[in-house]
Structures are given as C-alpha cells and as structure tokens.
Amino acid sequence: MYFKDLHILSMKDFSKEMIDHILETAEKLEPIAVRKERSGMLAGKVLGVLFFEPSTRTRMSFETAMIRLGGEVLSMGSVDASSISKGETLADTIRVVQSYADAIILRHPKEGAARMASEFSQVPVINAGDGAGHHPTQTLLDLYTIKRESKLEGVKIALAGDMKYGRTVHSLCYALAHYGADITLVSPDELRMPYEIIKDLEARGVNVRQADSIDEAITEVDVLYVTRIQKERFPDPAEYLRVASSLQITPELLENAKSHLKIMHPLPRVNEIDPLVDSTSHACYFKQAFYGVPIRMALLALVMGGME
Amino acid sequence: MYFKDLHILSMKDFSKEMIDHILETAEKLEPIAVRKERSGMLAGKVLGVLFFEPSTRTRMSFETAMIRLGGEVLSMGSVDASSISKGETLADTIRVVQSYADAIILRHPKEGAARMASEFSQVPVINAGDGAGHHPTQTLLDLYTIKRESKLEGVKIALAGDMKYGRTVHSLCYALAHYGADITLVSPDELRMPYEIIKDLEARGVNVRQADSIDEAITEVDVLYVTRIQKERFPDPAEYLRVASSLQITPELLENAKSHLKIMHPLPRVNEIDPLVDSTSHACYFKQAFYGVPIRMALLALVMGGME
Amino acid sequence: MYFKDLHILSMKDFSKEMIDHILETAEKLEPIAVRKERSGMLAGKVLGVLFFEPSTRTRMSFETAMIRLGGEVLSMGSVDASSISKGETLADTIRVVQSYADAIILRHPKEGAARMASEFSQVPVINAGDGAGHHPTQTLLDLYTIKRESKLEGVKIALAGDMKYGRTVHSLCYALAHYGADITLVSPDELRMPYEIIKDLEARGVNVRQADSIDEAITEVDVLYVTRIQKERFPDPAEYLRVASSLQITPELLENAKSHLKIMHPLPRVNEIDPLVDSTSHACYFKQAFYGVPIRMALLALVMGGME
C-alpha cells in the first residue's frame, strides 16, 4: 500500500483495502496517542494548517496528531486576520503554503475546495471538510470508533437525526457498505435520506431500513449514531423543537438497548444527548473525539512517508 | 511533596509547605528561563491552552514556560473562532481536550470554571484566572518576585489601588499571611478592603493597617504593590480621574522611599505608574512579568511529573 | 561579519557587504528550506511573533524559517485578542516579551514602531513592516530572488505599478543601487516615483528611466517587478480601473519579452497578473514567496548566533 504524497480528499477515492490499511495504521499508532509511547516519526516535518472556517475539534486533533508524531505545526490563523481579506485566491494561498509545508490540512466552506487546492500543491492536501462536500477524516474516525468500540464487519447501526443534508452520515453509510452493515435510519420526515442514496446503498448490498422512532430502532442495534439537527432547516421554531426533542437520547430510552450498545456523536452536541447518558457504558462520543487523534496520526504518517 | 496530576485551582488549596516547594522549584528552573541552561524535561508532553478570554501576558508566559521545558503547545485559539459559538458546554470541551493534552491551562470569565473543569479532566487543570474567582499562578509569581527581589519572610508591603474587588490582592494577602507580612493598604474609600477579609487576615497574625496616601505609606515599606483601578467602578468619570491620579506613582513620590523599595504591578498598566519610574532601581514590574515564566515552569514541571 | 544581537530595522542600516553576507547565508541555508537537509541550529531558541496587523505570508514564512532551523515560535495572536485592547503601550509589551523570547519579529501599522521597539529590547528585533516605514526582509527576499533567478549585478529591471507610495519599491531601488542596476519605471502619472528619490538614485549611479507602458519597457529587461495599485489612491473608481487594466500583465504582453525575463510580485496579487501567466517560464512570484523562507532563516540564524 503506497500512500506517500497522496491527497486525502474524499472517501470515494478509497478502496476497502485502503480504508483497512488506514484503520490498521491508526491502531498501531494508538499507543502514542494515549501517551504510552513517544515518537519522532515526523520530526522535521511541517504541517500547514489552513482553516477558512473554525472547527476547533478537527483542528486541535490534527495538531495533536502532528505533535505526537514529533512534527511541527504552521497555522494560517483565523481567516479575517489573513491575506484573504485582501482578496487573494485559494489557489495562490495554496501555491505559497505548499512551498513552506510538508503537507496541508484544509478546511474550507466551499464544496470542492480541497480537490481544487490539491491541483496547486506538490505536497499532500488533506481535506478537513469542504462545506457541503466531503470530510473524509471524520468518516475514517467514525469507522475506527466502530471498529475499536463495537465491531465493523456486519455492524447493526442506527443513524438518527438529519439524514438529508448530513454529509458525514452519507459518507459513513457508503463506507459501511464495504463492511456489510445493517443500517436503520431515524429522521423527521423533512430530513429523510435522499431516495437515490438509499437505492445506491442497497445496490451495494446494504440492508437499509427506516424506523419511526429511536425507541423502535434501539433494541436491535450495536451502534446508535446521533447527529445534530440544524435549527435553520425548519422555518417554524416550534416544529424544530418538537422534532429535536423527539430525537433526544435519554437514559430512559436506553433501557431497552442492548447492553453493548455504543452511542456516537460527531460533537459538538447541543441537546441531542442528555448529559445523564454520559456516565453510562453506552456513551462513546468523547472516546470518538479522541479517536480523531490516532486516525489523523495514521493519515499524516502515511502521506508524509513516516509509515507505509 | 507530590504534585503530580494535581489540579492548580486556588491558593486556598496550598499549605505553606506546598507554596515553598513551588517557589524553590521555580528557583531551580530559573537558569532555564533566563536561557543559561536548556531543558527537555517535558519533551513529548502537550499543553492544552484554553483561553476563553484574552490575556496575552499570562498565555505567553505559560507557553514560554512549556517551550523552555521542551514541551509542546496546543492552542484552542480565540473563542469566537471556536466551537463555543456552536453552543458547546465547557464540560464537553474539557472532556475532549483532556484526551489530547497532558495538562490544561484554563482562562475563563466565569467564577468556578476551573474547578468545574477539573471534575471532567483526567489530566491536571491549571487555573489561569476564572473571572471574579481565583488566579493562583499570579499570586505565586507575586510571591516569587518578592522572594527574589526583596524578602518574603516578614516583608513590609504596601498595596495600593482597588482593595475591594481586586482578587489578586486578596489572594496575595492571604498567601503573605504565611510569611508574617506587615501590610499597609492604600485605597480610595469606595474601594477599601472588605472588613471580613481584614479581620480574617488579622486572625492569621498579619498586621494590617490603612494609610490615607501612598506618600504616608511609602517611607516604611520594602515593597509597593500597585494595581489598576477600573474606570467602571466609578459612576462619575471625574471622580475616577481624581482617585486614579491621587494614586499615581511618580519619581517625586519615591524620594522618601527606602532605597531598596521595589514597586510591583501585575501589568498591563495604564496610568498607575509614571514611565519615568521605569528607569529607577525601584521598578520591578517587568521583572515580575518575567518571573511568570519560572513560576509557570515550576507548576508545569510539577503537575506533569517532570520534577517532584 | 558580526550580526549577533543586531536589530534588523531598515535597509538603510546595511552596507553592500552586509547585504551580500545575508544573501550568501540564505543560499547556504536553502537546502534546509527546500527540505533536502534538516537543521537544529536554533534548537532551544524562542521567536516572539508580534503582529499588530495581519500579514499571513510574512508571518508564516518567518515561522517556517524558525521551525526549519529547529527553533520554537511564541505568538502574540491577533491584536484584538490581546492586552492592547486594555491600553498597554508598545514599549511595555516589548519589555515583557523580550524577557520571554530570544528574538522578536514585529509588524506594526505605525511608522517607526520597530526602531522604537528596539530601544526597549535586549534581544534582537526584526522589522516585519512598520506602516509607511520599512520592510527590510521584503527587500532582502526581492534581492535574493533576483540573485537566484536572474542576475543581481547590473540587472535591467522594470518596476510597474505604484511608484509613489510603494515603500517596498523605493527600498528595493536603493538596494539595487549597490549592484549597478538599470531601472525602468512604469506608473500612472498620479503614482510616479518622487523626484527626490530619482535624483538620489541617479546620484548613486543608477540609470533611472520612465516608460509610458509595460509594452515599451518589457523588451529590454531581465526582471519585471509588478506591484499592486491600491484602489484608495484614486478618487474615481473608473480611473482606477482604467489604470489598473493598463498595467495588467498578460501572455500577449510577454510575447516581446526576453526569453529569460522573470516576473516578480510581492503577493498577494489581485488582478495585476493574469493567471494564464502562471504557467509560463517568466512567472517567478511564487518562487519569490518561497525565497522568503531562506532569507528569513538567514536573518534568524545570524541575529541569534546560529551562524556568523
């Protein structure tokens, strides 16, 4: 498997073998992430961090990953404090930064920004989210969490929340197709998963089912993946509140769950999960946030040639 | 003395022995802070820096301390560029960052934030100021400055400015009680030290006196500690100006001071000290700002197990 | 040549010998900048980065330079998130930071800020631009680009754009006077180079000529240096557009150029250079941005004693 100098732009670019290799590499690096071991694998390397919109968790986990591998971080800082306000194009910014850094992490509000950036960079570009586009490192850390905390092959997973616009959910479903997953969708009628995606998943051999409530879905599944529902999707605030509260995860709701059920959430959460759930054995979302570190270590190590 | 994994939240948690140990550790580390020696004591460690309000001096001295000990800094960045704007709770932020970092520095506008944060963190949390609450590292660097530039045991100190709301001043007075200090307070009537605190200090054996003017206080003391008076405390701007100028430190005022008098100020200063004082041997406030580095090195080294 | 502890404030402070020494040092360090070699030359050193106005490219190239030499970066962060909002003077800020860092990079909107800062610092201050004042590291990287990509001695160079207010252009012309340059100026009538500067350059033996258009100038020169024209210089937006488009560099315009012509631009560019020019062998502006790294490595290494 040869990842050196590869851009990480979209999950669609990866075969199952490639995904497995990333997950296995993350597993090898996890002792460094949990600080049981130290590494100088990327010593002397510089990671260019270009975030054109804030995403604290993603940025900090990338920076932690780089630091834990012995590398250095070069940050553009916040956007309004940058040349962007002078009207520079993304292409020009990338052409300069790629001459300073050994790899670039890009977060950008515009769909397609990462792929465009990759065309102007001689060093690998890692997409850390491009608007309505892709966010492959989120999907990879989701898969890694399922692998480490539950089981990936044949996992029974329920996805709750916004299935229509949630790009991470779509990306995760396609990735799970590689592993023969059994998927239950729970969403308000307004936010159902697009029909074409469901058809497409079924064509890939995935069992996809709709459930009317989390209550109904929760008895059977190994993993419950909760996502945020954005207020802006609802013209009527009352309707938003009704939908959001109907999907809230509470300890009562979990009484019928399997004992090994794991609850995931990409964070930050607002009201989707009652804090009382945090202390149950089901809560897995903080662990999930942590798993962003070994997964991003794996990607950084692979594209900068620290590992093969 | 065992500081490893200890949260540093409030001076009230520390005995005299603990304070002495921190001051002695700082003294041992000072050659590194003045760049006469180098250290890799915290190599491989990551310091999570969470500042929910700006405090450039405090943040920079913590970061310098970490870097000088060979460690790395992971910064949340400014608040408006963070997930906080998406409504995440401090508890959730802490739970994630504590899985990335080996220790956390927290600055937060809400009183009690640091103690709350410590309950969600498996790595030590150091309080870098929580609103009207505590700011223990400021008190420790004040003590260290007195120790290094004057004498701590039995010091005669005058404190001038806002004695009512100034949390650093209260905290310093309590700490000085351990060292048999003799304290003179100079403040406008509106900003006198609360009676209960004075009673409390006297019960701890401190000599506390009120003086009407700095002029009156300055002849006897070893240290003059000046603090800022906040304009917002005065409904009438003219009254503010009158009070502020009556407390301004000028070269003339210093003519009656002891030759070894040291003037301290937590900085930033506005008009409290005439710049003409800077070049006198009394000026000690820039040195004091520097002493933030060895003190914070000591705390970082102790809580992360670099020293015992 | 002894640069250790020297402040880098203005090109006017440097003799030809000093400039040559900086350029030669940059050339020695370039293999590290292009990541063919690694260095720990400034290991244990801390660079204080104080940017009182944003300048992403300049800041990132300084930070890259420091990191590539094994040193560490201590950043003040953005200004509105700093003590400056509490009213602290630049002098006080410098006095504190110089006790934390081994050198200071200062960017400030006020002319003369860097020289003032140097008076309060025991560690070297490097001016990274002070408003209408100086920006010596930009001039040095311009010279270095000419040396590496064209020839410095006797270079025939055309400068196009704002010759009146463009401080980098004036500074570059004076520096080129050391190398017997032949200079052609192309600018709108409103933005001609001040007569005293032209006289001054001629007194230093420089051949200075005015051309009416880039078309006229381009056939003879080795280097074409393009600068931005600021909209704000023109009361009439239509007049700005007319002037700006008359100076735009297009592939057609380059048909009459010498084959070895190099086009430079300090970046960020807006519309001054057609992106179609980027893929021609004439385009040199991204290389120029990269050369900021070896030049700044040279300055950091020299003033902090990493090299002599």
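# Chain and domain interfaces in a predicted model

Student: How many salt bridges does a search of the whole structure find over all chains?

Tutor: The model is predicted. The search runs over all chains of the whole structure, and its count of salt bridges is 63.

Student: Take the salt bridge between A:Arg35 and B:Asp102: where does each residue sit?

Tutor: A:Arg35 and B:Asp102 form a salt bridge whose closest N and O atoms are 3.1 Å apart. The pair crosses between chains. A:Arg35 lies in the loop between helix 1 and strand 1 (46–51) of chain A, and B:Asp102 in the loop between helix 3 (90–97) and strand 3 (103–108) of chain B.

Student: Which residue forms a salt bridge with C:Asp102?

Tutor: A salt bridge needs a side-chain nitrogen of Lys or Arg within 4 Å of a carboxyl oxygen of Asp or Glu. For C:Asp102 the closest N and O atoms of the pair are 2.8 Å apart, and the partner is B:Arg68.

Student: Which elements give two or more residues to the side of chain C that touches chain B?

Tutor: The count between chain C and chain B is five salt bridges, and twelve residue pairs are in polar contact across that interface, both residues at pLDDT 80 or more. On the side of chain C, the elements that give two or more residues are strand 1 (46–51), strand 2 (72–75) and helix 3 (90–97).

Student: How do the residues on that side of chain C divide into nonpolar, polar and charged?

Tutor: In this interface, 26 residues of chain C are in contact with 23 residues of chain B. The area buried between the two chains is about 2,200 Å², with carbon and sulfur atoms giving 51%. By class, the residues on the side of chain C are twelve nonpolar, seven polar and seven charged.

Student: What rotation axis relates chain C and chain B?

Tutor: Chain C superposes on chain B by a rotation of 120° with 0.0 Å of shift along the axis, at an RMSD of 0.0 Å. The two copies are therefore related as by a three-fold rotation axis.

Student: What percentage of the contact residues of chain C recur in chain B?

Tutor: The two copies use different surfaces. The share of contact residues of chain C that recur in chain B is 4%.

Student: Within chain A, how far apart do the C-alpha centres of domain 1 and domain 2 lie?

Tutor: The domain assignment gives domain 1 of chain A as 11–134 + 292–304 and domain 2 as 137–288. Their C-alpha centres lie at a distance of 26 Å.

Student: Which residues of domain 1 of chain A lose the most area to domain 2?

Tutor: The two domains of chain A bury about 1,800 Å² between them, 59% of it on carbon and sulfur atoms. Three residues of domain 1 together account for 30% of what that side buries: A:Met11, A:Lys16 and A:Leu23.

Student: Which residue forms a salt bridge with A:Lys147?

Tutor: Across the interface of domain 1 and domain 2 of chain A there are two salt bridges. In the one that holds A:Lys147, the closest N and O atoms are 3.1 Å apart, and the partner is A:Glu27.

Student: Which element gives the largest share of the side of domain 1 of chain A that touches domain 2?

Tutor: The elements of chain A that give two or more residues to this side are helix 1 (16–33), helix 2 (56–68), strand 4 (125–130) and helix 10 (285–303). The largest share, nine residues, comes from helix 1.

Methods:
Residues are numbered from 1 along each chain as its sequence is written. Chains are lettered from A and ligands numbered from 1 in the order in which they are written. This is a predicted model: local features need pLDDT of at least 70, side-chain atom pairs count only at pLDDT 80 or more; totals for chains, interfaces and linings use all residues. Side-chain values use heavy atoms; hydrogens and water are left out. Contact means heavy atoms within 4.5 Å. Buried area is the accessible area (1.4 Å probe) that two parts lose on being put together, summed over both. A polar contact is a pair of N or O atoms within 3.5 Å; within protein, one must be able to donate a hydrogen and the other to accept it, and residues adjacent in sequence count only if both atoms are side-chain atoms. Helices (H or I, at least four residues) and strands (E, at least two) are DSSP runs, numbered from the N terminus. Ala, Val, Leu, Ile, Met, Phe, Trp, Tyr, Cys and Pro count as nonpolar, Asp, Glu, Lys and Arg as charged, and the others, Gly among them, as polar. Domain bounds come from an automatic or database domain assignment. Copies are superposed by least squares on the C-alpha atoms of residues with pLDDT of at least 70 in both.
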